Amino acid sequence: MPELRVLPLHPPVHPHPQGALLRARGLVIRRGGNTLLGGLSFELPASGITAMLGPNGAGKSLLLRALAGLLTPDEGEVALHPDIRGAVALVPQSPVLLRRSVRGNLLHALAIAGVPRRMRSGRLAELLVMADLTRCAERPARALSGGEQQRLAIVRALARQPRLLLLDEPTASLDPRSTAAIEALTRKVVAAGCKVVFVTHDWAQAERLADEVIFLHRGRIAEVTPARRFFRAPASEAARAYRNGGLLL
Amino acid sequence: MSEGFAQAFRMIAGLDRELFEIILLSIRVSFTAVLLALLVALPFAAVLAVGRFPGRRGLIVLVNAMMGLPPVVVGLALYLLFSRSGPLGVLELLYTPTAMIIAQMVLVIPIVTAISRQVIADMHAEYDEMLRTLGASRIQMLGTVLWEARSALMTVALAGLGRALSEVGAVMIVGGNINHVTRVMTTAVALETSRGNLGLALALGLILLVLSLLVNTAVALLRSEWREAAHA
């Protein structure tokens, strides 16, 4: 894959706020008598990549949806920094694309984001270059490969110029080449000034990408640790067992 | 029978004036009825599909049940409404094409509403979260869903047109099957068959079939073009 250009998500409408970008306090989500998230509290720093790591069923996707405001927690709250209100974007594991061309999908997102008509073609070209999809612009979005669809969904989410981008297992079931392309794109997004939370259950991927790790296990936070320290010696028993290939049930 | 067919082809080939008068009135009445029905039914279906308000489920059941409305009952109800002594008698609509358009609308609206509601609800369920994360307003969301569902909604419109074009009972009662005024293809076929005038009946029947084929072919072409663009 050719090297991607770093493009700022201009104009920079969301300056880096001081302190935490987002604070979660005592988040509880229950469904059918089961507690799926059991009182999570953490802060997200303003920049870099936070990997949300943990086994399947740990509550990663649920937490991401709560952070995106798609579901309301039964207890607790998610407080966004006032500067980023309304500018959190989420790309789910299986993104839904419109039954239109790649270009049509991006133009639709730009229109919804309120980008003035005269500026849309310029922004469209930037997003296409960023995702390395320029040559696929006229192809039906649903005819793209899994990796291309994921890249399209990521740059489509950037149409709103979010300050926080939540990626839910974007490389699940992708081959190494497509995974590398997504990881490269994620770095470009961060370089362009957007904070990224990257959900994964792949230890090696988290090690490649993360500046900080939130390790989730059974709906609780086992630890929140800077990446360098985490990958040298995880503090929690659950994370150590996961690293050592133990089956976390 | 063969004499009937021969007469039918002679009438079609000779562009029989009475025949084409009936055909044009049929087309005018049914297409107008379906267009007006779509204007009422699509927004109603969208509200039922996406809105959340008390009584919504009851309304959905009611609309679904109304899909099976017997045309003669609709015809009778409208007859009572429009008859000289009826509450809307003053409008003098009985035995006019307008009354026939209203009758067909009443029959088409539940079909288009019920099926469109399902189509829109399914599409909305698929797109809802994605559009919310993109920051879409309710209006933008609805606009996107309706546009994305256009191919399926076109089929729904065709079902409505089928119902309108093939309708006999209601238009017979409120239209009266008056020659040169309210005689449409279906009522003419019924009348001419009962009179033993099979030529005109067969000619009308054939044209009704060809008309239906033409409309369906046009829509199929449009849909295949959309599908190619969407790959879905």
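Two strands count as paired if DSSP finds at least two bridges between them; strands (E, at least two residues) and helices (H or I, at least four) are DSSP runs numbered from the N terminus. This is a predicted model, with local features needing pLDDT of at least 70 and side-chain atom pairs pLDDT 80 or more, while totals for chains, interfaces and linings use all residues. Residues are numbered from 1 along each chain as its sequence is written, chains are lettered from A and ligands numbered from 1 in the order written, and side-chain values use heavy atoms, leaving out hydrogens and water.

Start with the sheet in chain A: it is open, has 6 strands in the order S5-S6-S7-S3-S8-S9, and its pairing is mixed.

Zoom in on Val88(A), and you'll find Leu164(A) opposite.

Next, pick 176-191. That's H5(A), packed on the sheet and touching S3(A), S6(A) and S7(A) (contact means heavy atoms within 4.5 Å). The direction of H5(A) makes about 155° with that of S7(A); axes are lines fitted to C-alpha atoms, for helices over the stretch in contact, and angles run from 0 to 180 degrees between N-to-C directions.

Last stop: select 102-112 and 117-130. The axes of H2(A) and H3(A) come within 10 Å and cross at roughly 125°. Show side chains here: the contact includes Leu106(A) and Leu110(A) from H2(A), and Leu124(A) and Leu127(A) from H3(A).
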